[in-house]
Amino acid sequence: MKPLANQIAWITGSSRGLGRVMAEELVRLGARVAVHGTRPDSPRTFGEGETMEQLAAGIASECGGETMAVWGDVTREDEVKRIAAEVRAKWGRIDILVTCAGGDIGAGGTGVGRGGRPEADDCLNISLDDMRSVMDRNLTSCILCCREVAPELMQRKQGRIITIGSIAGMFGRPTGSIYAVAKAAVHEYTRCLAEQLKPFNVPVNCVAPGGTVTERFKRIHDVDQGRMVTEGTLDRYGRPHEIASVVGFLCTPAAAFISGQVLRVDGGGQTFPC
């Protein structure tokens, strides 16, 4: 029996990049997975597919499981409720929530500049529209999805919530500052939610990746080619499967007594306390 057999998972932001590989991992572990993007054609954004329906079907076929495609803007409460209702209408419930939607993406979306990264991306000069976009994509979306799913987990006294943070939220930096602020807030929200859900037997944890090679990562960063190696050293960039495997573990019975943690997955790039 696969460890996530009969479990229903919804992974936000799983149309591409890290989220897509997380979806593959949870399907391999036996879960039925709702694969989510903002639009029906979200996989096209960085050339990782054509449509959400095609992507979900491909994951199901490749990984030997069951998926469904959902899409909508998870920064809007009405859309979050609609998407969750679609998952419940098909499978009856949601057992696992992974809030992967996010990114350092301004109000113009991913088609602007370097993969959507705001132009004046610091504490003082970022536009208000870009600031709100980054905060909404990373923090508001996480909170709205948790508010929608947590009550049913509390009622059944079982389930998992995994948020996706970033090592960017663990130190000061002169650029990408609002993204760092948003992810730091996700880390603290995770800890607070874990305390609230502790009496209900629902573990809540955060995975905080370091630099991880995805199509968008290659477009928005000046990539250090020396760190593109895949083995022989931990002084390198991560790969999506290395993040996804940790998310998968936290969803399994083996992690039933782990909660309230922000787990850095960065090859030891940061070894100081949180």
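The model is predicted, so local features need pLDDT of at least 70 and side-chain atom pairs count only at pLDDT 80 or more, while totals for chains, interfaces and linings use all residues. Residues are numbered from 1 along each chain as its sequence is written, and side-chain values use heavy atoms, with hydrogens and water left out.

**Overall fold**

- The protein chain has seven helices and seven strands, where helices (H or I, at least four residues) and strands (E, at least two) are DSSP runs numbered from the N terminus.
- Along the sequence, these elements follow the pattern β-α-β-α-β-α-β-α-β-α-β-α-α-β.
- Taken along the principal axes, the box filled by the C-alpha atoms of the protein chain is roughly 45 × 40 × 40 Å.
- Of the 274 residues, 51% count as buried, a class that means under 20% relative accessible area, with exposed over 50% and partly exposed in between (1.4 Å probe, protein chains only).
- Among contacts (heavy atoms within 4.5 Å) with a separation of 6 or more, 70% are between residues 24 or more positions apart.

**The second largest pocket**

- The second largest pocket holds about 320 Å³ of space, and the closest to its centre of the 19 lining residues are Gly159, Arg160, Asn201, Pro203 and Ala256.
- A pocket here is an open set of points on a 1 Å grid over the protein atoms alone, where a 1.4 Å probe fits and protein lies on both sides within 12 Å along at least five of seven lines; lining residues have an atom within 4 Å of a point.
- Grid points are joined across faces, edges and corners, and the volume is the space filled by probe spheres set on the points.
- The lining comprises ten nonpolar, six polar and three charged residues, where Ala, Val, Leu, Ile, Met, Phe, Trp, Tyr, Cys and Pro count as nonpolar, Asp, Glu, Lys and Arg as charged, and the others, Gly among them, as polar.

**Residues with positive phi**

- Most residues other than glycine have a negative phi.
- Asn201, in the loop between α5 (177–197) and β6 (204–209), has a positive phi near 65°.
- Asn6, in the segment before β1 (8–12), has a positive phi near 70° and is exposed, with a relative accessible area of 52%.

**Glu152 and its partners**

- Glu152 belongs to helix α4 (residues 128–156) and is buried, its relative accessible area being 12%.
- Its side chain makes a polar contact with the side chain of Arg88 at 2.7 Å, a polar contact being a pair of N or O atoms within 3.5 Å in which, within protein, one must be able to donate a hydrogen and the other to accept it, and residues adjacent in sequence count only if both atoms are side-chain atoms.
- A polar atom of the Glu152 side chain also lies 3.1 Å from the backbone nitrogen of Ile94.

- Leu263, in strand β7 (residues 262–265), is partly exposed at 38% relative accessibility.
- Beyond four places in sequence, Leu263 is in contact with Cys206, Val207, Ala208 and Val246.
- Ser15, in the loop between β1 and α1 (17–28), is buried at 5% relative accessibility.
- Residues touched by Ser15, leaving out those up to four places away in sequence, include His36, Gly37 and Met52.
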